[in-house]
Structure formats: C-alpha cells, structure tokens
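Open the model in your viewer and keep the selection panel at hand. Each stop below names what to select and what to look for.

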Amino acid sequence: MKAPAFEYVRAESLSDVHEALEEALSDDLVAKVLAGGQSLVPLMNFRLARPDRLVDINRLGELRHHELEGGVLRLGALCRHADIERDPDVMAASGALADAVPLIGHPSVRARGTVVGSLAHGDPLAEWIALLLLFDGAVTLSSRRGRRTVGAADWLEGYLRTAAADDELVEEATFVLPGDGGPGRGSAFVEVAHRHGDFCLVAAAASLTLGDGGEVAAARLVVAGLGPVPFRAVGVETGLAGLRPTEAAFAQALESLPDEDAQDDLHATAGYRRHTARVVAARALVAAAGRASGGAAA
Amino acid sequence: MTTGADYVGQPLVPRENRVFVRGKGAYAGDLAMSGLLSVAFVRSPSARARITALDTTAARELDGVVAVVTAEDLEGHVAPFRLMHEVVPPGIAQNPRISVDLRACNVPVLARGEVSHVGQGVAAVVAVDRATAEDAADLVRLELEELEPVVTTDDALAAGAAVVDPANPDNLAFRLHSEFGDVAGAFERAPRRLSLRAKSGRVTASPMETRAVLASAARGVEGVTVWSSTQVPYLVRSAIAQHLAMREEDVRVIAPDVGGGFGAKVHVYPEEILLAFLARSLGGPVRWVEDRLEHFVTTAHGRDQDHHLDVAFEDDGRILAVRDHFLQDCGIGFPFPMSSAWNVVSHLQGLLRIPAMEVDGTCVLTNKVVNVPYRGSGRPESAFTRDRMVAHMARELGAPFLDVLRRNLLSLADMPYETGAIYRDGVPIVYDGCDMETAVAKLEALIEESPAVGEAPPGHRRGIGYGTYTEGTGVGPFEGAAVSIDETGRLVVTAGGASQGQSQHTTLAQIVADEFGVGPDEVLVRNGDTSFLRYGVGTFASRTTILAGSATLEAARKLRERVLAVAAELLEIDAADLVVAEGGVSARGTPSRAVSLRDVFMATWPGPRRVTAGLDSPGLTEQSYFVPPTVTWSYGAVAAAVDVDLGTGIVAVEKVWVVHDCGRIINPLVVEGQVDGAVAQGVGAALLEGIVYDGSGIPLTTSFMDYLIPTAVESPELAKDHLAIWSERNPLGVKGIGESGIIATPSAVANAIEAALGDLVVDPAQLDTLPIRPEAVLAAVGLDVGRPAARP
Amino acid sequence: MSGPTPGGTTGGTTPSTSRAIRTTVNGRPVEASVAVRRSLADFLREELGLTGTHLGCEQGVCGACTVMVDGEPTRSCLMFAVQADGAEVLTIEGLGEAAPPPAPEASDALHPLQAAFAERHGLQCGFCTPGMIMASLAYLDRPGPHSRADLRRQLSGNLCRCTGYVKILEAVEEAAARMGVEWEP
C-alpha cells in the first residue's frame, strides 16, 4: 500500500498555506493540509484518499501553542495531543480531558497527531469532536478570504465532513473548560471500545455544575457512537436540572435519550449502541457528579 | 554414551534473539539485490464474476513498468494450479466404519475467465518499484459481470447452487464419517441426552510479517531460486517444479527469517508459482511483498467450523456416547483436510472416556479465501465443542464443571489407551502416558498458589473457567537432518523444517552440543533451505523438535561414531577408550593424546591418504530421516479468570493458568514462549477475532482496525506449570508444544464467563459461539441487543 | 506549477514531486533526494539499507515501523521522508554500540533494552521487536511513574503475535532496572 503520487508544498508561513489552498481550488485540484498525518496518511496508503497536493504546515512553529486562560483552552493547529497530555495544568482543569486524552490512539499517535487535525478530519468517533461539543468549543478557520469561527454545534456535518471549505486552514480551536474541582464543577468522559486505544463503540462526555444545595444547576451531556454524529442530549440535560445527582435521577433522565438512527455495523449492533450509550452516559454523569462534589470519580 | 554435557533442558537464551534485537533479521522483504523488480497485483473486487474485459494497455505504457501479466501469458508455461498435499492412508481408507472423500484443491495462479473470491489475483504488474507497480495496477481496466456468489455453507449445499470449483461441482472439498462403538444403542439406552451447537468462527493467523516472495533466475541458466516467507519450503519446491515442468533439484526454495506463520504460511500460494515463472521469463530477480490489505484477502484463513453435537450420558455424568456433525466453510480450497477436519475425529474425545463416538464432517467450498490449518487446526474447534459439552452437562446436573470432567477422565492407570479413533496418519490412536488427573490437580494447586487478584468492582462479575486439551504431535511423514563437521572443525546441522520464531537454531544446537561436548554456540544450525537436504516437509503441527530434533540426534550419534572410528585409527587407540569433547577427540585419562575435529575432517578427505576406518565414503557428514511410528500425545489443562462488565458486556481476561505435559523439554524458555503466545491467540479467538464477509462475499475485515488481535492490554497474565512424561515414540522423549496453549483457552474463557455470570445466565448457548462479543454476553443474561457481524 | 524544487530554501508555494532533504539518522548526517510520496519507513529501509524498521500494516496500527523522530516515538509508515528534513531520526540500528565483527552479538554492545529483550526471550520471530523496543525506549525515557499496568497501555500500539506480550513486559521491567528507571509494583 504505497501512497499515490501527489505534489508537495512545504509552507513556511500562514500566507503560504492560504495561497496553496486557494491555488489548488482554482486549479480544480484537491489539496489537503498535512500536520500530524495520523488520520490522513493511512487513507492515502490505502489509496482511499488521493489528494493532488499536500500542504505541509509542520514548519509553522507559531501554530504549535496552547494556553489555558480564564477557563478557555486555546490551541493552534500544530498542538499535538501529547502537548495537552503532558500539561498537568490543562489535564487538571478538566476531568473529561484527563479521561479522554490518554484514550486517543497510542503514544506515537499522540506524539505526532494534532488536536486540530482530529477536528479537521471529522471522524464522528474521535474524542476531540465530542469534547468540542461538551466544552462549547469553536473552530477558527482562515484563508485568503479572511477568518471565521464556527461553533461546535455547526462543526461536524457528517462522516469525515466538516464545515471547513476547501481553501480554508483549520487554524485554531478553543474549548471552555468547566474548571473541575472548582466549586461544584465536574466533568468526565467514558467510552466503550473492544480494545484499548481503538475508536470507541459509544462514548459519553458529561459536565455538571452543582448548586449550593448540591442539586444540578447545569448539565451537559454529549453522546458519540449513537447515530451518525455525536450530539448534545439536550432533553436529558434539561431533565436533570434541579435534581439531586443520584444514579436513579440519572437513569430516569436518560430514558429520554434519543435512540437516533443507530445502525448495525461491523463493530457493534444498533441495539448494543443504544443500550451501552445509556450505560456510559450514566457512568459519565456519576463520575462528573463525584468530581463536582469534590469526591473521587467513580 | 553422551559426553556428560547437559545443554538439553537448559533455558539458554536463543541465539536468534541477539540478531533480531539489533534489527539484523533478514526477512524476505529485506533482501537486497541489484536489478530487483517489484510486483503488485490487480485483484478481484468481486466474490464471483465473469471477466468481460481485462485491458492492460495503459498499465504497460506507464514509465517504469516492465511487464503486465495475465492468465493468458501463463498458458502453456504454467500448469493449472492443483494441490493435493494429503492422501488418505490405508488405515483409514480400509476401515469399514470410516468413509472419507478427499478432493484436490484447485486455485488459479491468475484468474482466467472468472474470479472466485475477492482478492484473487487477476493480473500482475512488474515495475521498477512497488509504488509504480501499484500506479500501473490502478490503470488496468477490469470489467466484471457479477455472478451469484456462494457465501455461506447453506448456499454451497443448496440445490442448484452455483459451482465454486468446476472440478468439484457438488461444492464439496472434503467429507468424513468415522464411528467406533455402538453409538445408536448408547443413545437409545441413555437416561440423559443433551445437544449443543458450537461454532468456531473464521479467523486469520495474522503473523506480523505478511507474505513475501523473491524469485531469481538468470537467462541461459537452468534453475530458479525462490526466497519465500513460508513454513514449508519443500512443498513450495515441489509445487513450483511440478507446475513449471522443472526438476526439483533445479528449484531452490529458501525460507529466510520469517516473521511468524502459525499455519497461514503452510500453503503453497499462487504468488510463489507466479514469481518463479516471472523470474524465469524476465531472467532476473523479482519480488512481491504482500501488504496487509492483500493479506486479509489472499492469505489463508482458518477454523470456521460449525458443530452440532449430541451427548448421551448417565445420571451420574458418565458419558456413554457422542455424536458430532460439523460443517466447515473452506473458501475456494481446502488443501489440508486431513489436518483441519480430520483432527476433529482424533481430538474431540480429548482425555475423556467415551465408549462410542460418531463424527461426521462436511467441508464445503465457498467464494472466499482458502482455509488452511491455523495453529491448532481442528483441535481448538473440537476442544471447544467438548468443553462446552461438559459445561452444559454440568449445568444440567447441577454439578461443578471439574466434577463432571473428573467423572469422565482417563487416568494414568488406563495408559496406554486405545481410543477407537484413527489418527490421520492411519494409525489407531493409542494415548501414550497421559495423566490428565494430575494435570488438573496441578492446575488447581497453581490457581491457589498464584491466584488472580482483585474482587469484582460494582457492576462487574468475575469467575474462573476450565478447559482441557490433547494434542497429537510430531505427525509424519518424516523430517530429516544432517550433521557434519566442516573444514574448520565446526559442527554444522542442516535440518528440515523452517523457523518462524521457534528458536530451532538454538534447540537443535543444544542437542548436538550434548553429543559432542561442545558449547551450543559452537554449533552452526541451518534450516529452511531445500538445497541443504534432499527431502523435507516443513514446520507446522508441533512437529519440528520431535522430528527434526530426533533426526538431528540420530545423525549426531552416527557422526559421533564415525568421528570416533577415524580418531581411533589416527591415534591408534581403541574407540572405546576415546572421549569426544571440546572440539576434539582424546584418550580417556590422557588428554594430551588428542586430535581436533578439524584433523579428523582432513583425514577423511578423498585421496590415497584418506583414513577409511571401515567407512565407505569420504567426509564427515551423517544424515538421518526420522519417521515417527505415529504421533505422541501432549495434553494439558487450562483455566481462565475473567472480569465481565455487566453494563457493557465487555470481558477482560485477567489471568490464564496452564499446566502442560510436552514430555522432555529441550529449552524451557522456548517452551514458555510458545505457550504464552498461543494462549494470547486463544484469547483473541475467544473474544475479539472474526473474519467477516457480507452477503455478497465482500470481506469487511480488511485491516487491523477491523480484525482485532489482542494488544498488551487484552492479553492476560499467565501462570504456568508442567509435568513431563517422556514420550517413547522418539529418541528424544519430547512431545510437541507449539499449539498447546491455543487449544483449550477459548473453552476456558467461555466457561469462565459462564461461571462469572452465575445465576444471571438465562441463555448459556450464547457462549457456544466464538468470538463471544459483548452482545452475546448481554444476550446470555437475557438482554437481546442483536447479533453482531463477527459472529457466524 | 509542478517540477522539482531545491530543498532547504524558503518553500514558497511551488509544489514539487521530489525534494532534497538533510536529516540525521542514528547520529550520522544524511543528504538525499527523495520522491515526496516516499514514506520515512521506505526511505530508511531502501535508500539507507536500515531494514531493521519493519512494515507490518502501513496503516499506523501495528507499530512495527516505530522509530524515534526528534525524541518522539513515530510511526514511520505515516510520515513522508521529506518531513524528516532537519529532524533527528533514531532507528533500532542506532541503539547500543556498533560492535565490530566477529562478535557482534556480545551483550555489552547492546542497549539494556536490547539485552533484556534477548535474555528474557521477549521476542520469537523478531518482526515486531525493533518497533517494540523503540516504543519501550520512549516509555522509559518519559518521566514516571512507570508500572506494568501502565506499560501495557503504552505498548498497546505495538502488536505482537508470537509472545502474548508476557516476556516483553518482563524484559522492559528488567531493562528499567538496569537503566535506573524507577518501577512501581
């Protein structure tokens, strides 16, 4: 499986990238940005992806950054998964992040693969896609035409399809972290997979804010693997408002979890996805509640 | 008579290891040669179709392409590819209570007119490098008229079914029927009867190295040399010679370092025939390295047996009779039916006392990849069926599994025990020295001494389950070895068999080292090359240590006698007063009166001054071919501890305990490694692995993302113990171990899940089909979430 | 706007199908002109003859191709050789000292991981071994805590079919001890 022929552009600046992408578009060629390559190159080796041009952005040192300020995690296109994993402050800022990042592939995937690359690739089962939804995230795109920001709800349009246009570089992503461990806040990420490091079968990301009396003041729940794209279980979220965060309350609220159109596939049946989505969602809520109460997560 | 040296039995670090850890292994894909061209294939995207157009023009015109070859180009040069490796021995053919129908395996080298499985080669591109060859393959225009494929065994056996192989229009690859005892009578009289359906799904061996073939020839020179990532260099040689109308001696097949085989490389593949042909046509070296995608759709699969078993038994659990009917899905060819299928006949019973047994097997052809003996080869499928039978019996009787097992176990006092079935070599099965009672007792002791740690957390259940296995090992027809001393005085072993990680270069050296009183590092061992020995077979079926090892021992002993005779003449001392040690021969008690092995070698050089010592030929080489009387029986007991997450159905195998008897152990480190690896493969088969085809015969598991083999996280901790009843069927006293760990592991895992779920189980039959996916675990406790794709 | 572009100069946006690269492999400077589609794995194996790095899947799943690039474990089948321009690459051949023949197998020439893998029989066919050793090296290089359970997770991206991982784990633990890396029970 050798990659098909392509032309290679090594960008040294952002404008190089924009120019290259725009040129390809106007030449009616397919151009893809090459950052970590952990998602794109396997597809090329399988000859399932045959871009005419690859625009390598790895020289753009200014894109390799991440900062956590005022509860907002902002990271550039070359921020590797490992950069987050190795930052104790960021990992401590969110239980869901701490749970999810070590589950992304394997160490060598995390060393080279990028957060933004995962968002740009658009696999509905990718941890970062679910976290974008959980954390009110946004993606910043840039091109010759300018910059724009797309919110989490509008980012993933389908399997490997995002809101990015062909001439746009996904330049940055932001996540509003809930400051777990801070007063009454906790989040968690739970997934089911056949093996460690595999893409999940189903996953749930939950974030809870508890009021002074210990009741649920705000809840967010994202479910992945149940239906074509991950979604916010809004009905469950509103159903939890004001309740004490008990397993029974969670189970009750989860009854309104939509079944979406889960499909049978090679890895799991639709019935299995429906069943375990509720299981992992409950576990994520329990863990988030535990962290919000200051106790150890389940 | 030995030297007093004692390397056999020592856990010597395999010498191969020091080469591999430095990255200095030379696998077929690593070999370098100037002018080496690369091959890529155009492969069928359809399970069954008529080829209506095949246009290679654009491909041939691509820069860097040397040739594009189709079936038409082979016409008249390559005979139709037909394999018939096995014969039905008289002991089986002439038995009135047995019937066998064995067919040849016909597989095209390149598809002609029709394609019969996804992945079948249609055209081969030869180019300056692999990337260019793949680019050219993309340019080949292949048009197909889809035909109705034969996808399942039902499809194959249906009236009016499409024909997979015109030479076998009934879609049968093999049939067997074997009986002993009064099965019908036993069922009639039995107070209890039970039925189960046990399925072992289709799997693939998945060695980490895919296949690769490098063939080299030169214009004007007769002969071809083929390096192939194979377990059976001699079978490949014979097939190439036969199909290219060459003499076997003009075909040299070499197995270089091979990165695992496990049975998948025990087949002779179309690519081996084709590459030899290409090398000869082009007059130069050509290489094909299989990529992993190709591997899933062309390298042979294994298992895929569906058993319907009935057992008749007493109220106290004693078995009266067993009747097993099984179906096997063979893909387009079944080259080793006497192994894959007949092993059910010889292993279903295990070490249980079963007075009457009937086994009936129907092995059918379908439009899928060929099915060959994957590690265990019929033994895991039958052990699983048997162990689940015992589990179901135990459930019905309300008794523990081990109690029911013990009620039926043969004991050491029963040995030697003639079972009533015949082994595939035609010899009636007589268990030699098997003590399963002690093995089980040791297993229980091992579990107690080395328990699995940890209580089940909330929402989880944990349990331990058991399985037992027997393994007929060291099957013939033979394997050979030559031991010689070269011009430097060095001991050299050239053996049949081939290595894919079994450390044979070390174990065979240990055997010779003991005979000659030298350190094993001083013994050079070579194998896997048909030019070393005229006759050979290969490495599979847990046979190499037994057969090549015994041949090595016998050749070493003959050589020793020869050396002593020559030394006696040189030193003018009686051979009985000489000692062979440390690279020479010396007088007992007077070490200064000595000759080196090099001196001895030089003395046997032809010519007038040759020392003859009554020998009829010059030189210092002795050959031996060991023909075993029949197989010798390894056996053992396995337990597994699992954790079941009741919410998700995910099963983790925490620990596996194995007690094995493989007779005398040449190198304990090597034996442990074999057991460890086989157990992990068993875990894979139990929970994770399944080759899946859709309703049109399109394979869905074509990468390591879809076909799941255990990683370091899913692989259990192991505890091992052994007993050693030496075999009397070979001069070494050894029994095989290569497949032992895989046979009973799936049983132990399934039984452990049942034990873990305990009173929650409402449908134990969910655990009778491998792989046991999470959906099945949930279904076992009454939660129906649909049937997953990976389960047959 | 295609055609070869000299490497090492400012990139601009001129696409190319081959480039000159300068890289360091096992401590030695290497200059080469490579086709842009050439993977780092194939470059190491074919152009440089360093065949210790193996290809098991070319899909980034099996880990047999693992090398270190700028100190990070990297699946060399997922990286193009052109991306190694200016980088430091370490392969299995770069571990230990280059001992002269005729005793290339002497233990003291081996890196502790290589020695431990060999002596503990943490390999059989050897195909996954270079990648497994590189992944283990990356693990031991990182700050702790180190434990067997954690090691299983860290090696889960390197598939082995021969050993069941049992002796691989023992070998890494032993190497850690030799290297003075603290290990948690």
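Select chain C: it holds 5 helices and 5 strands. Step along from the N terminus and the elements read β-β-α-β-β-β-α-α-α-α. Chain C has 185 residues, and 61% of them count as buried.

**Confidence check**

This is a predicted model, so colour by pLDDT before going further. The model scores are ipTM 0.96 and pTM 0.96. Chain C averages a pLDDT of 90, and 87% of its residues score at least 70. Select residues 1-11 of chain C next: the pLDDT there is below 50. Even so, this stretch has 23 contacts in the model beyond near neighbours in sequence. Then select residues 99-105 of chain C, where the pLDDT is also below 50. Beyond near neighbours in sequence, that stretch has 5 contacts in the model. Where pLDDT is low, the predicted coordinates should not be read in detail.

**Chain C: H2 on H5**

Select helix H2 of chain C, residues 112-119, together with H5(C). At what angle do the two helices pack? The angle is about 140 degrees, and the axes lie 8 Å apart. That angle makes H2(C) oblique to H5(C), because only angles over 145 degrees count as roughly antiparallel. The crossing of H2(C) past H5(C) is right-handed.

Show side chains at this contact. From H2(C), pick C:Pro112, C:Leu113, C:Ala115, C:Ala116, C:Phe117 and C:Glu119. They meet C:Ile168, C:Ala171, C:Val172, C:Glu174, C:Ala175, C:Arg178 and C:Met179 of H5(C). Colour by class: the contact of H2(C) with H5(C) has 10 nonpolar and 3 charged residues, and no polar ones.

**Chain C: H3 on H5**

Which residues make the contact? On H3(C), pick C:Met132, C:Ser136 and C:Leu140. On H5(C), pick C:Ile168, C:Val172, C:Ala175, C:Ala176 and C:Met179. An α-helix has 3.6 residues a turn, so residues three or four places apart point the same way. By class, the contact of H3(C) with H5(C) has 7 nonpolar residues, 1 polar residue and no charged ones.

**Chain A: H8**

Move to chain A and select helix H8, residues 127-134. Is this helix mostly covered or exposed? It is mostly covered, with 8 of its 8 residues buried. The buried residues are A:Glu127, A:Trp128, A:Ile129, A:Ala130, A:Leu131, A:Leu132, A:Leu133 and A:Leu134. Just after H8(A), click A:Asp136: its phi is positive, at about 50 degrees.

**Chain A: H11**

For the last stop, select helix H11 of chain A, residues 247-254, and find A:Ala251 in it. A:Ala251 is partly exposed, because its relative accessible area is 44%. Finally, draw a C-alpha to C-alpha distance from A:Ala251 to A:Ala205: it reads 16 Å. In sequence, A:Ala251 and A:Ala205 are 46 residues apart.

Technical notes. Residues are numbered from 1 along each chain as its sequence is written. Chains are lettered from A and ligands numbered from 1 in the order in which they are written. This is a predicted model: local features need pLDDT of at least 70, side-chain atom pairs count only at pLDDT 80 or more; totals for chains, interfaces and linings use all residues. Side-chain values use heavy atoms; hydrogens and water are left out. Contact means heavy atoms within 4.5 Å. Helices (H or I, at least four residues) and strands (E, at least two) are DSSP runs, numbered from the N terminus. Ala, Val, Leu, Ile, Met, Phe, Trp, Tyr, Cys and Pro count as nonpolar, Asp, Glu, Lys and Arg as charged, and the others, Gly among them, as polar. Buried means under 20% relative accessible area, exposed over 50%, partly exposed in between (1.4 Å probe, protein chains only). pLDDT is the predictor's confidence in each residue, from 0 to 100. Axes are lines fitted to C-alpha atoms, for helices over the stretch in contact, and angles run from 0 to 180 degrees between N-to-C directions. Angles under 35 degrees count as roughly parallel, over 145 as roughly antiparallel, 65 to 115 as roughly perpendicular and the rest as oblique. A crossing is left-handed if the near helix is turned anticlockwise from the far one by less than a right angle, and right-handed if clockwise.
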